[in-house]
Amino acid sequence: MSPAMAFSTSDEMRKTNDDDHHVTESQYQKGVKHLHEIGISRVPRRYILPDSDRPNAVYKRVNHLNDATPNLKLPIIEFSELLGPNRVQVLKSIAKACEEYGFFQIVNHGIPLEVISNMIDVSSRFFALPFEERAKYMSSDMKAPVRYGTSFNQNKDSVFCWRDFLKLMCHPTEDVLPLWPSSPADWRRLAAAYAKETNYLFLMLVEAILESLGVWGATMNKTEEDDEILNKFEDGSQLMVVNYYPPCPQPDLTLGMPPHSDYGFLTLLLQDEVEGLQIQYKDQWVTIEPIPNSFVVNVGDHLEIFSNGRYKSVLHRVLVNSAKSRISVASLHSLPINSMVTPSPKLIDKANPRRYKDTDFASFLEYISSCEPKRKNFLETRKLNN
Ligand code: OGA
Ligand code: NI
């Protein structure tokens, strides 16, 4: 007997509404993996986007596109080259990628392949746990250091998106580690190894980014203040988000994640071999082809602000599909949680007046707790009208 048939005789199911295929509120709250497991054959109303927000809808009509959305090969940065004689060339490629796409991919990054495959593997084992085990980490507090859930904010979202997630704060390790899931038994060890490696990679990338902006450099005359920003990043914040997108019976009606930008300085995204991530490029949604063992790196809101608008925090979203589940791990890095993010004084002059207000995490967290994270709203609120 299929799980769906087993369910259809239960009391809980009998109370429900035909249109939604016998899906109750408590079942939505259990997330999309649960809906997949009970074998629904149509997407419940709660997940159906207005026509204009669906994958393909607008662009197909406006731009006369056919069904296939274009795939994009993002600029590929050979990370190891940053440490050799071609550093200046690589810095230029990073600058161009951050200005034009807000995204690039890195290969030869030095993180052992085992650390990466262990992270994907332990994440799929976490999502394979019984719901009751995962539910121990559910919280309605957007600021909780560990939070399991579905959609974005399952208490507030009007339309749900097709993903379940586990969010973990990663610093300070000794405070947060005891709060991380205790099951699977090797979760803490493997996820902590991954968090440490990505943080180290982030620190090297941020040095490169600051150098590419001309605000810091190994060969530059530096003041103490210049070095201070790097010290701050060493003590910075890191939030890890493990996303699980189960197969979806009608992937054209919904999204794994709606269009959004990331709030931090840089995001390092690991995706498995299943496509899904799209970024906005020249007014189109383009799919980023996964490259095994690489990272997708993107500019977050804080870096757009810090660079006074030179580097772009670009909208991206996630498509789902009917055949395969998909896992991604996003590691969001920024300054310490209580520091101000402000445009670098070195990037402000007469020709380039200050374009953003100062901002801090507290106001961002306030913002996402109080509304749906729709499009670029938060960053828009930080813009000055010059
Ligand atoms: C995110 C994100 C993309 C993906 O977690 O912020 O954009 O491919 N994830 O899961
Ligand atoms: Ni994102």
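Predicted model: local features only at pLDDT ≥ 70, side-chain atom pairs only at ≥ 80, totals over all residues.
**Entry 1: the nickel ion**

I began with ligand 2, the nickel ion, and asked which atoms coordinate it. The donors are NE2 of His-260, OD of Asp-262 and NE2 of His-316, at 2.1 to 2.2 Å. Along the chain, these donors follow the spacing H-x1-D-x53-H. His-260 belongs to strand S7 and His-316 to strand S12, so the pair ties together parts that are 56 residues apart in sequence.

**Entry 2**

Next I looked at how S7 and S12 are connected. S12 covers residues 316-318, and it pairs with S7 in the antiparallel sense over two bridges. His-260 has His-316 in S12 as its bridge partner. So two of the nickel donors are also bridge partners, by the definition of paired strands used here.

**Entry 2: ligand 1**

A polar side-chain atom of His-260 is 3.1 Å from an oxygen atom of ligand 1. For Asp-262, the distance from a side-chain N or O atom to an oxygen atom of the ligand is 3.2 Å. For His-316, the corresponding distance is 3.0 Å. I also looked up how much of ligand 1 is covered: taken alone it exposes 290 Å², and the protein buries 95% of that.

I then listed the residues around ligand 1. Among them are Asn-243, Tyr-245, Met-257, Leu-269, Leu-277 and Val-318. Arg-326, Ser-328 and Ala-330 are also in the shell. By class, the shell has six nonpolar, four polar and two charged residues.

Which strands each supply at least two residues of this shell? They are S6 (237-245), S7, S12 and S13 (326-334). S13 gives the most, with three residues.

**Entry 3: strand S13**

Since S13 came up in the last entry, I looked at its cover. Nine of its nine residues are buried. I wrote down the two faces separately. Arg-326, Ser-328, Ala-330, Leu-332 and Ser-334 are on one side, and Ile-327, Val-329, Ser-331 and His-333 are on the other. Both faces are covered. In general, side chains in a regular strand alternate between the two faces of the sheet.

I then checked the partners of S13. S6 and S13 run antiparallel and are joined by nine bridges. S8 (residues 266-271) also pairs with S13 in the antiparallel sense, over six bridges. Val-329 of S13 is the bridge partner of Val-242, and Val-329 is the bridge partner of Leu-270 as well.

**Entry 4: cis peptide bonds**

I looked for cis peptide bonds and noted two sites. One joins His-171 and Pro-172, with omega about -15°. Pro-172 is in the loop between strand S5 (164-169) and helix H10 (173-176). The bond from Ser-183 to Pro-184 is also cis, with omega near -5°. Pro-184 lies in the loop between H10 and helix H11 (187-213).

**Entry 5: positive phi in loops**

I noted Asn-108, which is not a glycine but has a positive phi of about 50°. Asn-108 sits in the loop between strand S3 (103-107) and helix H8 (113-127). Its relative accessibility is 47%, and it counts as partly exposed. Ser-151 also has a positive phi, near 60°, and lies in the loop between strand S4 (146-150) and S5. Is Ser-151 buried or exposed? Ser-151 counts as buried, at 0% relative accessibility.

**Entry 6: Lys-30**

Last, I looked up Lys-30, in the loop between helix H3 (25-29) and helix H4 (32-37). Lys-30 is partly exposed, with a relative accessible area of 25%.

Note on methods. Residues numbered from 1 in each chain as written. Chains lettered and ligands numbered in written order. Heavy atoms only, no water. Helix = DSSP H or I, 4+ residues; strand = E, 2+ residues; numbered from the N terminus. Near = heavy atom within 4 Å. Polar contact = N/O pair within 3.5 Å; in protein donor to acceptor, adjacent residues only side chain to side chain. Areas by Shrake-Rupley, 256 points an atom, 1.4 Å probe, with all protein chains shown as cover. Nonpolar A, V, L, I, M, F, W, Y, C, P; charged D, E, K, R; others polar. Donors = N, O, S within 2.8 Å, 3.2 Å for Na, K, Ca; no water. Buried < 20%, exposed > 50% of the residue type's maximum accessible area, 1.4 Å probe, protein only.
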